[in-house]
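Here are a few friendly notes to read alongside the model. Take the points in order and find each place as you go.

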Amino acid sequence: MKRHNLLITSDLVGSSDVRRLRRFANVYRSSELEEKTLADRLRETDALLISFWPEFLTDETLRRMKRLRFIQGILVGVDHIPFVTLPRKVVVCSNAGAYSLEVGEHAFGLLLSAAKRVVDTHNSVARGKTDFKEFRGTSDDILVLQGKTLGVVGYGGIGAVVAGLGRSFGMDVIALSRSRRSGRGVKFVRGRGALTSLLAGSDAVVLALPLTNLTEGMIGAKELSAAKRDAVLVNISRGDIVNQAALYEHLRLKPSFRYATDVWWYEGGRETLVTDYPFTSLPNFVGTPHISGPTAVASGRPVRMAVENTLRYLRGLRPKNVVKRSEYYRSIVL
């Protein structure tokens, strides 16, 4: 049986994992190869283990990689991969489930921060408000979660963690998912009008779904207008799922509505903290700089799961988490 040729483009993969992979493949690290040697190796490569899409893998380079058949991502999202130019014969696998606990907890932390107005009131104190009387009206805008409804859009691993945390706070949970139809203590909604129904019936909503052709811009002015006036919307997936202009206008006109996010919009093909509108000037906006994913990486679990799935491919087994390519024919690259 001919040995595979695996190229690793991430320094997150340790030497012990490399030794395991070398039982089934010739393994190379792109960071250890000179430019000419790397070019030669790419022509023989049939498998890639990556985190972010490497800059040296241009469209022209991909066309020369005639043997490429498999790509495993360390990230859970695969929207950074150039599916438009990637040959159809290449199987791409996400790292679904690898970040669920940490990202789910961060999502709920954002929800609590917005619901309890933690950031807004802290900033007021930091700016010099020292009289308790100045905060007397604040409690009227604080959302008590027990007995309220939590909507989860996208019920994968992250969505399930968020739902579990919501139940522990005594919340009723409804979820929108294309594939899942059951979950302990969760009411599922599906079909036309399901998103609008979920938004209208939820006191807090968490977006936990991938960025695809189907989800880009799915939360716009129409959807925001369907939400409760004093709801909390949390985005833990990708910034471009929410229309930036519509969101800013909604937050500006409805100060009791709150938006909390760990993810930001793309500009020039990359996620950036620079926005088209001054969101951070609004008291009902809370943003963290996409730190939920790195928290999971620090645990080592994402790399372990990515390596295990790569080993499945190298051993001739069907890998897990194969993505549906047609949903990712987009031009954005991280």
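1. Two strands pair if DSSP finds at least two bridges between them. Helices (H or I, at least four residues) and strands (E, at least two) are DSSP runs, numbered from the N terminus. This is a predicted model, where local features need pLDDT of at least 70, side-chain atom pairs count only at pLDDT 80 or more, and totals for chains, interfaces and linings use all residues. Residues are numbered from 1 along each chain as its sequence is written, and side-chain values use heavy atoms, leaving out hydrogens and water.

2. Start with strand β3 (residues 47–50), which pairs in the parallel sense with strand β1 (residues 4–8) over three bridges. β3 also pairs in the parallel sense with strand β4 (residues 70–73), over four bridges. L48 stands opposite I71 in β4, and L7 stands opposite L48.

3. Now find T149, in strand β6 (residues 149–153). T149 is buried, with a relative accessible area of 16%. Beyond its neighbours within four places in sequence, T149 is in contact (heavy atoms within 4.5 Å) with residues including M171, I174 and D203.

4. Last, look at helix α10 (residues 292–299) and helix α11 (residues 301–314), where A296, V297 and S299 of α10 meet R301, P302 and R304 of α11.

Terms used: Axes fitted to C-alpha atoms, helices over the stretch in contact; angles between N-to-C directions. Buried < 20%, exposed > 50% of the residue type's maximum accessible area, 1.4 Å probe, protein only.
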